[in-house]
Amino acid sequence: MDRLMYELEPCAPYDFAKMIRRVQGVNHEMFRFQGERLLRTIRFEQQVLVLTVDSVGSIENPKLQISLYGEVLVQLSDVEGLKRYIRVMLSTDLDIRSFYDQLATDALYQPLVERFYGLRFILEADLFECMTKTIIGQQLNLAFASTLNRRLMELTAKPILWEGLELPVFPSAEDVAQLEYGQLRELQYSQRKAEYVIDFARLVATGQLDLDGLFTQTNEEIVAGLSRLRGIGRWTVECFLMFGMGRTDLLPAADIGLRNGVKKLYGMEDKPTEAEVRQIGAAWAPWSSYVTFYLWETLNDKLKERTTS
């Protein structure tokens, strides 16, 4: 395989070890680990590449060693675009100190900063993968959703063998668009979920839905547009915006995990309503996604039991 290697210097603080432990804790089906090295496959310009990430710096002086492997890396036409794509995926350019400065005005939130200092999102590798997995995860616990993701990959995409490891490959929209609903039904997908996943892939594969074009739109424009599609509601789009596009100002107030996190933080007897979370969360802007993220992580011991709605 061809190899491309370079270094990234994220904005500090950047705690890559915390980020890896978080991904390991949710049993993410795409990642593999060699000690503190993170590995996964990504798609770029119709190629499937192997990405490895090593931390060679510190939390306050972070530095990442990036390596990319592919059969024909020399044929990539936009190497700088690939590097930008990886920076977004690893949240390296985010000025998270501004977030911490905002929370510093409220003593109730200081334990969140102290416990999760330097923790950032590692985003899904591309928007099609993110939305497909979010649709699959609707109304399911994380373990079974991960099982269905693995079954989809086994059906549609051959894994890559790299240095003795079998690295899963998430299918392209074209791969999924060719499936029939019955093929997913055989993998324990419900009829509706099979339809939602395949129909979404067909929209992307035929060009009726331009995912990259979403980057020019506001959150509400994206929610309004995608919510018109079958099987995609507001919660699904909010997760897509957060985990796929890296938007920092999402407040998924209906999310059960967030409501439990607010209940725990404020010592409430009852779980707050969606309206109460929206009222409390109004002060979190423009960092609502990260307050949500950190509150989810306070429930980490219950993470595998959390379901979505």
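Colleague: How much space lies in the second largest cavity?

Modeller: About 50 Å³. Keep in mind that this is a predicted model, where local features need pLDDT of at least 70, side-chain atom pairs count only at pLDDT 80 or more, and totals for chains, interfaces and linings use all residues. Residues are numbered from 1 along each chain as its sequence is written, and side-chain values use heavy atoms, with hydrogens and water left out.

Colleague: Why is this called a cavity?

Modeller: Because on a 1 Å grid over the protein atoms alone, a 1.4 Å probe fits at its points but cannot get out. Points are joined across faces, edges and corners, and the volume is the space filled by probe spheres set on them. By this rule, there are three cavities of 30 Å³ or more.

Colleague: What makes Phe 170 a lining residue of the second largest cavity?

Modeller: Lining residues have an atom within 4 Å of a point, and Phe 170 is on that list, as are Arg 40 and Asp 126. Strand 3 (residues 37-44) gives the largest share, four residues; strands are DSSP runs of E, at least two residues, numbered from the N terminus.

Colleague: How do you know which strands stand at the edges of the sheet?

Modeller: Two strands pair if DSSP finds at least two bridges between them. Three bridges join strand 2 to strand 3, so that counts as a pair, an antiparallel one. The open sheet has five strands in the order 1-5-4-3-2. Strand 1 (2-8) and strand 2 (32-34) each have a single partner strand, so they stand at the edges.

Definitions and conventions
On a 1 Å grid over the protein atoms alone, a cavity is a set of points where a 1.4 Å probe fits but cannot get out, and a pocket is an open set with protein on both sides within 12 Å along at least five of seven lines; lining residues have an atom within 4 Å of a point.
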